[in-house]
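Keep the viewer open and follow along.

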Amino acid sequence: MTKKEAAVIETYTGIAMLSGENRAIVDNYHEELMGRKIFTHEYGNPEMLKKLRELSKTEFMEICKNLTD
């Protein structure tokens with residue numbers, strides 16, 4: 001799994017997948033989805049988290065379809 005895929009999975013599931021300096025990958029992905037800068041306090045807004053989940057669903061489903069043994 002790539003770090004980008006981990007960011008997608010984290011965004012869709014809400015389970016932290018990356019830490020430390022890799023948090024920037026998640027932040028950048030969220031900004032890419034929303035099309036704007038996201039401020040830290042916005043992560044406390046359930047509606048924004050719901051929107052991020054909706055926006056990441058297609059990529060999440062693609063990752064799931066590409067599973068291998």
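This is a predicted model: local features need pLDDT of at least 70, side-chain atom pairs count only at pLDDT 80 or more; totals for chains, interfaces and linings use all residues.

**Helices, contacts and charges**

Residues are numbered from 1 along each chain as its sequence is written, and side-chain values use heavy atoms, with hydrogens and water left out.

Lys-65 forms a salt bridge with Glu-62, with 2.9 Å between the closest N and O atoms. A salt bridge here is a side-chain nitrogen of Lys or Arg within 4 Å of a carboxyl oxygen of Asp or Glu. Lys-65 and Glu-62 are 3 residues apart in helix H3, so about one helical turn separates them. (Helices are DSSP runs of H or I with at least four residues, strands are E runs of at least two, and both are numbered from the N terminus.) Glu-62 has 38% relative accessibility, so it counts as partly exposed.

Salt bridges with shared partners also join Lys-4, Glu-32 and Glu-59 into one network. By the rule above, the count comes to 6 salt bridges. One of them links the side chains of Lys-4 and Glu-59, at 3.7 Å from N to O. Lys-4 sits in helix H1 and Glu-59 in helix H3, so this pair ties together parts that are 55 residues apart in sequence. Both ends count as partly exposed: Lys-4 has 34% relative accessibility, and Glu-59 has 28%. Glu-42 and Arg-36 make another pair, with their closest N and O atoms 2.7 Å apart. Glu-42 is buried, at a relative accessible area of 15%, whereas Arg-36, at 36%, counts as partly exposed.

Now for the helix packing. Helix H1 covers residues 3–13 and helix H2 covers residues 23–34; they pack at an angle of about 65°, with their axes 9 Å apart. Axes are lines fitted to C-alpha atoms, for helices over the stretch in contact, and angles run from 0 to 180 degrees between N-to-C directions. That makes H1 roughly perpendicular to H2; on this scale, angles under 35 degrees count as roughly parallel, over 145 as roughly antiparallel, 65 to 115 as roughly perpendicular and the rest as oblique. H1 passes H2 in a right-handed crossing. For handedness, a crossing is left-handed if the near helix is turned anticlockwise from the far one by less than a right angle, and right-handed if clockwise.

Which residues of H1 and H2 make the contact? From H1 they are Lys-3, Lys-4, Ala-7, Val-8, Glu-10 and Thr-11, and from H2 they are Arg-23, Ile-25, Val-26, Tyr-29, His-30, Glu-32 and Leu-33, where contact means heavy atoms within 4.5 Å. By class, the contact of H1 with H2 has 6 nonpolar, 2 polar and 5 charged residues. (Ala, Val, Leu, Ile, Met, Phe, Trp, Tyr, Cys and Pro count as nonpolar, Asp, Glu, Lys and Arg as charged, and the others, Gly among them, as polar.)

H1 also packs on H3, at an angle of about 130° with axes 8 Å apart. H1 and H3 are therefore oblique to each other, and their crossing is left-handed. The H1 side of the contact includes Val-8, Ile-9 and Tyr-12, while the H3 side includes Leu-52, Ser-56 and Phe-60. The residues of the contact of H1 with H3 divide into 6 nonpolar, 3 polar and 5 charged.

The buried residues of H1 are Ala-6, Ala-7, Val-8, Ile-9, Glu-10, Thr-11 and Tyr-12, and they pack against H2 and H3. Glu-10 counts as buried at 9% relative accessibility. Leaving aside residues up to four places away in sequence, Glu-10 touches Ile-15, Ala-16, Met-17, Leu-18, Arg-23 and Val-26.

Finally, look at Ser-56 in helix H3. Ser-56 is buried, with a relative accessible area of 0%. With residues up to four places away again not counted, Ser-56 touches Val-8, Thr-11, Tyr-12, Tyr-29 and Leu-33.

Note on methods: Buried means under 20% relative accessible area, exposed over 50%, partly exposed in between (1.4 Å probe, protein chains only).
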